[in-house]
Amino acid sequence: MKAMILAAGLGKRMRPLTDHCPKPLLPVAGRPLIVHHLERLAAAGIGEVVINVSYRAEQIVAALGDGNEHGVSITWSRETTPLETGGGIRQALPLLGNAPFLLVNGDVWSDFDPASLPSLGGDLAHLVLVDNPAHHPTGDFHLDAAGRVHPLGEPRLTYAGLGLIDPALVADQAPGEFPLAPLLREAMHAGRIGGTHHRGRWVDVGTPERLAELDRELSGRQG
């Protein structure tokens, strides 16, 4: 199985840290944030990784190269301007192939083991969901007792930015900029999205404050 890491965003919420450094390269416990993803993927046996880049793309490419140093093989999907999540996946489909792939938002950190994800069966996606963080108390979706994900319903959980995706979810879309969320909701209405509630550690590294908090936590573990 391949993985795709989303790393093309502008990192506006992380300014001024991202004025001169793209968000995936911001350091956490002595290593770039994106390297934590690469190491977890390699540990899970996922060796082929597609990374989409746009903002300060050359800095990211120069820092990671072909991925060999981190136990993976990286293929780059370059976007002249960011295409949002859906458009970025759509452009990368020739690199991803036809089999389901692991999708990873570059600006999260989690101890979730991607090797534990179930196969899709007839689903178009299987999403990892977490308890709602303080900064997103209303959550995103409802996970029922049968493991099906719905756009409405209670209680609600937050999409972790991790999931197994069938390329067919976006394959019929026209190339260009578009979000993924409406396609996920459409597939939920069709009963074709499963989910897992991850109760371990997860951080949306979306602000300088949360980046600093994660850095302290992981640096403390190393110490």
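In the predicted model, helix α3 is followed by Gly97, a residue whose phi is positive, near 85°. The helix itself comprises 13 residues, 84-96, and spans 17 Å from its first C-alpha to its last, close to the 18 Å expected at 1.5 Å a residue.

Across the whole structure, a search finds 10 salt bridges. One of these joins the side chains of Glu39 and Arg31 at 3.0 Å, N to O; Glu39 counts as partly exposed at 31% relative accessibility, and Arg31 is partly exposed at 26%. The side chains of Arg78 and Glu58 meet in another salt bridge, at 2.4 Å, N to O. Because Arg78 lies in strand β5 and Glu58 in helix α2, this pair ties together parts that are 20 residues apart in sequence.

A further salt bridge, at 2.7 Å, N to O, is formed by Glu217 and Arg201. Glu217 lies in helix α6 and Arg201 in the loop between β12 and β13, so the pair ties together parts that are 16 residues apart in sequence. Glu217 is partly exposed, with a relative accessible area of 21%, as is Arg201, with 27%. Finally, Arg13, Lys23, Asp107, Asp204 and Arg210 are linked in a network of salt bridges.

Conventions:
Residues numbered from 1 in each chain as written. Predicted model: local features only at pLDDT ≥ 70, side-chain atom pairs only at ≥ 80, totals over all residues. Heavy atoms only, no water. Helix = DSSP H or I, 4+ residues; strand = E, 2+ residues; numbered from the N terminus. Expected span 1.5 Å × (residues − 1). Salt bridge = Lys/Arg side-chain N within 4 Å of Asp/Glu carboxyl O. Buried < 20%, exposed > 50% of the residue type's maximum accessible area, 1.4 Å probe, protein only.
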